[in-house]
Amino acid sequence: MELLAFGKTGWGDELFVATLMTVAVSLTAMIIGFLFALIFTPLKLSKNKFLNLIGNFYTTVIRGVPELLVIYLFFFGGSGAIMFVASMFGYNEYIEINAFLTGSFAIGIISGAYSTEVFRGAIQSIDKGQFEASKVLGLKKPAHFFKVIMPQMLRLALPNLSNVWQITLKDTSLISVTGLVEIMRQSYIAAGSTRDPLFFYSFAALLYLLLTFLSMKLINKLELKYSRGF
Amino acid sequence: MDFDLMITSFPKLLNATLITLKLLSLSLFFGLFIGLLFAILRLNKNPIINKFAYGYSYVFRGTPLLVQIFIIYFGLGQLEFIRSSILWIILKEPYWCAIIAFALNTGAYTSEILRSAFQTIKPGFIEAGKSLGISNKIIFYKIQIPIAIRQSLPAYGNEIILMLKGTSLASTVTLMDLTGVAKYIISTTFKPIEVFIVAGGIYLFMTFLIHNLIKFLEKKYSYLQ
């Protein structure tokens, strides 16, 4: 227990901050993922073959390639790409981009591919009559989407989105390889300096379990809220 | 775009793919037995056995695979009684540690897939078997298991693909699998995009093969419909 004390003697406060970092990265990644899903879901549902191909390419490649490989691409390629752009503007110094942003972006792209599939499935399983009805009523496109399609889509998508959230949360452990101090990285540091890896990695596992448990509780409440009347 | 690098790194990456495939097939093999065992335990009516099996799958599905590998590879070596036992012959090798972690992980997911497959078998099939006077054991092996396998094929196909991606974590415990070699080439040449295209292409090709194999099996065993 001494090892987990707060303050200078233990790792309690460090691990607490690291847990907040994991939550922050997961949330940022999830939001970035939603933005990607917002772009790619219409592409996947589009009748245009070319747009369709782009949408399918994104979800197939990202879901078929290991997360770690995607993270390495961003970790090693991210600063290179930005330096290339900067060099066009005459700036030739080394630029290191923020580990938080690179990590969130890499995980966000992965999470986005899963979210895209979830949204696509949800929209496709909405009753066709709903689309026709809102057309017949002469609703404008924004009203059609936000008032008719989206509320129904969210209800159908929520159970699967909770899976995406779990995947995203667990994937953030992988960005510890880039040096961002989240739960895994902090446990690695603590395990190295105390030579007690079993304790710290088990504690890390416990923290992840706690996070998944709490988020499940929260999502279940949301699900109840959105399935009112069903 | 450095095409020379792509061509020269291809054989190295292909070589590393062999390790990835070995890790995948061994962990799936052991994982299937673990999964079947825990699926049967989950269906047991004894609440203690039942809860134990549920706890197993909850813990392994609720924590990242990376933590599981680290606990087994770094953590278990710390215990004196493990280091002095025969288990140490296996546990000192990162290769076997990775396989143990993968097998336990995929076992947890497989147990969930099989459990739901067992639960969705129509009671009529079992009743039909019983009324024909077939013993419970044979009903289980000849009726329930084949139907459950057919039912769980699509979900299990997804699990194989997830596990294929999961084997990339073996690179974090010094194994030179496809991702490990790809990372090595990236960090020595600083050409991430080229290497990503080749390594990612190999992974995608394997995913494609698995996907089609499962589709073929689904068609072959769709006698129920």
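The following exercises, each with a worked solution, concern a predicted model.

Local features require pLDDT of at least 70 and side-chain atom pairs count only at pLDDT 80 or more, while totals for chains, interfaces and linings use all residues. Residues are numbered from 1 along each chain as its sequence is written, and chains are lettered from A and ligands numbered from 1 in the order in which they are written.

**Exercise 1. Describe the make-up of chain B.**

Step 1. Chain B contains 10 helices and 0 strands (DSSP runs, H or I of at least four residues for helices and E of at least two for strands, numbered from the N terminus).

Step 2. The C-alpha atoms of chain B occupy a box of roughly 70 × 50 × 25 Å along the principal axes.

Step 3. Chain B has 225 residues, of which 37% are buried (20 or more other C-beta atoms within 10 Å of the residue's own; exposed means 12 or fewer, partly exposed in between; C-beta atoms are placed from the backbone).

Step 4. Among contacts in chain B with a separation of 6 or more, 78% join residues 24 or more positions apart (a contact requires C-beta atoms, placed from the backbone, within 7 Å).

**Exercise 2. Determine how α1(B) and α9(B) pack.**

Step 1. The axes of α1(B) (residues 3-42) and α9(B) (residues 178-189) come within 7 Å and cross at roughly 150°. Axes are lines fitted to C-alpha atoms, for helices over the stretch in contact, with angles from 0 to 180 degrees between N-to-C directions.

Step 2. The two helices, α1(B) and α9(B), are therefore roughly antiparallel (over 145 degrees).

Step 3. The crossing of α1(B) and α9(B) is right-handed (the near helix is turned clockwise from the far one by less than a right angle).

Step 4. Residues of α1(B) in this contact include L5(B), L13(B) and A16(B), and those of α9(B) include V181(B), A182(B) and I185(B).

Step 5. By class, the contact of α1(B) with α9(B) comprises 7 nonpolar, 5 polar and 1 charged residues. Ala, Val, Leu, Ile, Met, Phe, Trp, Tyr, Cys and Pro count as nonpolar, Asp, Glu, Lys and Arg as charged, and the others, Gly among them, as polar.

**Exercise 3. Characterise the contact between chains A and B.**

Step 1. Chain A contributes 28 residues and chain B 32 residues.

Step 2. On the side of chain A, α2 (49-64), α3 (67-88), α7 (183-194) and α8 (197-226) each supply at least two residues.

Step 3. The largest share of that side, 9 residues, belongs to α8(A).

Step 4. The side of chain A that touches chain B has 19 nonpolar, 6 polar and 3 charged residues.

Technical notes:
Contact = placed C-beta atoms within 7 Å. Parallel < 35°, antiparallel > 145°, perpendicular 65-115°, else oblique.
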